[in-house]
Amino acid sequence: RRLTTAAAAGLVLTALAACSPSLEPGTNEGDVLHLALNQTESHPSYIALTAWGDHLEEQTDGRWSIDVYANETLGAQAEAMQLVSDGSVEMAIVSGPQLENLNRDFIALNLPTTFDDIDHQMRVVHDPAIVGDLYTSLEETNNVTVLGGFTQGSRSVYTTYGPVETPADLAGQKLRVQESELNVAMAQALGASATPMAYGELYTGLQSGVVDAAENNEVSYASQRHFEVAPHWSSTNHLVGLDYMIINTDMLASMTEEDRAVFDEGWELARAEHVELWLQATQDAVATAEAGGATFHDVDDEVFFEALEPLADRFLTTDEQWAIYDAARAASAESAD
Ligand code: GCU
């Protein structure tokens, strides 16, 4: 039953699509859960997810397992989300902006002003009192459940052409953004020309001049080897980004109570491992990029924060969205002082 080569993924998708409707809630005693990821095998998300799979397999005597497909093998995030929704892939990691495209309430957790830091973010996104309804909001419409998330750390700008000390250095430059309205507006608020693009296309995009700049965390910058084609990093720290763990709702509901408990326990362990790995991975990424010729410019991030601050008022348009945003802000260590 175990799939060993990524090349066979297409066949598997067809086969799985054919057998998923027979799942009765609470009766499924084992399956292979295919998980779509757009990162490399060295990325903390891959490592933590693989450990989750090992834990699940061990604790259920091999009845359940998680096969993590790295490097967009099962598709870029927008496709992966669709595959999870129709049940042909069971699980995926997708970035916050992707979920915003299904339910705008997710914008409350995607704004540059939502989270102060990783600690604050992890507290909020695993607090059911804040996010409970949001995480189940896609079940009826899309057959997708959100289990929680991994941090993307703090995102900064990097370019092919030089440092970005203030937004003026982005004026008229083509800045690759994740595929969402908010992300397009972010680039525009910084004066750049926004170019939405899938993650896996970005290396070539930077190399060929389709875009002049991008924004991400150090780990992605190094693991995707973007520093080779965009060697100027500026610490704009304009957004603490979030990756969501999503699963097909019918598959999740099909698990026996006992197996679900093991599954949840493994996910909690994976999250803890991810946070632990993140700091070291960030330091290693800086070293790798520097050794590969990148320069890290220390810039005043306050001016970027100020340029993006008005987006909350513009994008939060309902009481529900403000309620999530306000609850997230209230959980900040700053507001506790
Ligand atoms: C980060 C994040 C990914 C996302 C990517 C992007 O690497 O972890 O989920 O797809 O940024 O900018 O597209």
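This is a predicted model: local features need pLDDT of at least 70, side-chain atom pairs count only at pLDDT 80 or more; totals for chains, interfaces and linings use all residues.
Residues are numbered from 1 along each chain as its sequence is written.

Alanine 36 counts as buried because it has 26 C-beta neighbours inside 10 Å; a residue is buried if 20 or more other C-beta atoms lie within 10 Å of its own, exposed if 12 or fewer, and partly exposed in between, with C-beta atoms placed from the backbone. Leaving aside neighbours within four places in sequence, alanine 36 is in contact with Tyr69, Leu74, Gly75, Ala80, Leu83, Val89 and Ala92, two residues being in contact if their C-beta atoms, placed from the backbone, lie within 7 Å. Methionine 255, in turn, is 219 residues from alanine 36 in sequence and 20 Å from it in space, C-alpha to C-alpha.

Turning to the whole chain, the secondary structure comes to 16 helices and 9 strands, and the C-alpha atoms fill a box of roughly 60 × 45 × 30 Å along the principal axes. For 337 residues a compact globule would have a radius of gyration near 20 Å, and the protein, at 20 Å, agrees with this; the radius is taken over C-alpha atoms, and the globule rule is 2.2 Å times the number of residues to the power 0.38. Buried residues make up 45% of the 337 residues, and among contacts with a separation of 6 or more, 75% join residues 24 or more positions apart.

The protein is divided into domain 1 (27-152 + 241-282) and domain 2 (155-239 + 287-315), with bounds that come from an automatic or database domain assignment. The C-alpha centres of domain 1 and domain 2 lie 25 Å apart, and their contact takes 22 residues from domain 1 and 22 residues from domain 2. On the side of domain 1 that touches domain 2, α4 (96-100) and α12 each supply at least two residues. By class, this side of domain 1 has 8 nonpolar, 12 polar and 2 charged residues, where Ala, Val, Leu, Ile, Met, Phe, Trp, Tyr, Cys and Pro count as nonpolar, Asp, Glu, Lys and Arg as charged, and the others, Gly among them, as polar.

The ligand is surrounded by Asn38, Gln77, Ser95, Gln152, Gln178, Tyr199, Asn216, Ser220 and Asp243, a residue being near a molecule if its C-beta atom, placed from the backbone, lies within 6 Å of it. This shell has 1 nonpolar, 7 polar and 1 charged residues. Because domain 1 and domain 2 both give residues to the shell, the ligand lies between them.

In soluble globular proteins, nonpolar side chains tend to be buried together. Here the largest nonpolar core has 88 residues, of which Leu35, Val84, Ala92 and Ile246 touch the most other members; such a core is a set of buried Ala, Val, Leu, Ile, Met, Phe, Trp, Tyr and Cys residues joined through C-beta atoms within 7 Å. Strand β8 (residues 232-248) gives the most to this core, with 8 residues, and since domain 1 and domain 2 both give residues to the core, it lies between them. Leucine 35, apart from its neighbours within four places in sequence, is in contact with Leu49, Ile66, Asp67, Val68, Tyr69, Met91 and Ala92.

Tryptophan 267 has its place in helix α12 (residues 257-291) and counts as partly exposed, with 19 C-beta neighbours inside 10 Å. Not counting residues up to four places away in sequence, tryptophan 267 touches Trp52, Leu147, Gly148 and Met245, whereas its C-alpha atom is separated by 33 Å from that of glutamate 309, 42 residues apart along the chain.

Most residues other than glycine have a negative phi. Glutamate 72, in the loop between β2 (65-69) and α3 (77-86), has a positive phi of about 60° although it is not a glycine. Arginine 225, in the loop between α10 (218-223) and β8, likewise has a positive phi, near 60°. Glutamate 72 counts as partly exposed with 18 C-beta neighbours inside 10 Å, and arginine 225 is partly exposed with 13 other C-beta atoms within 10 Å.

How values were computed:
Helices (H or I, at least four residues) and strands (E, at least two) are DSSP runs, numbered from the N terminus.
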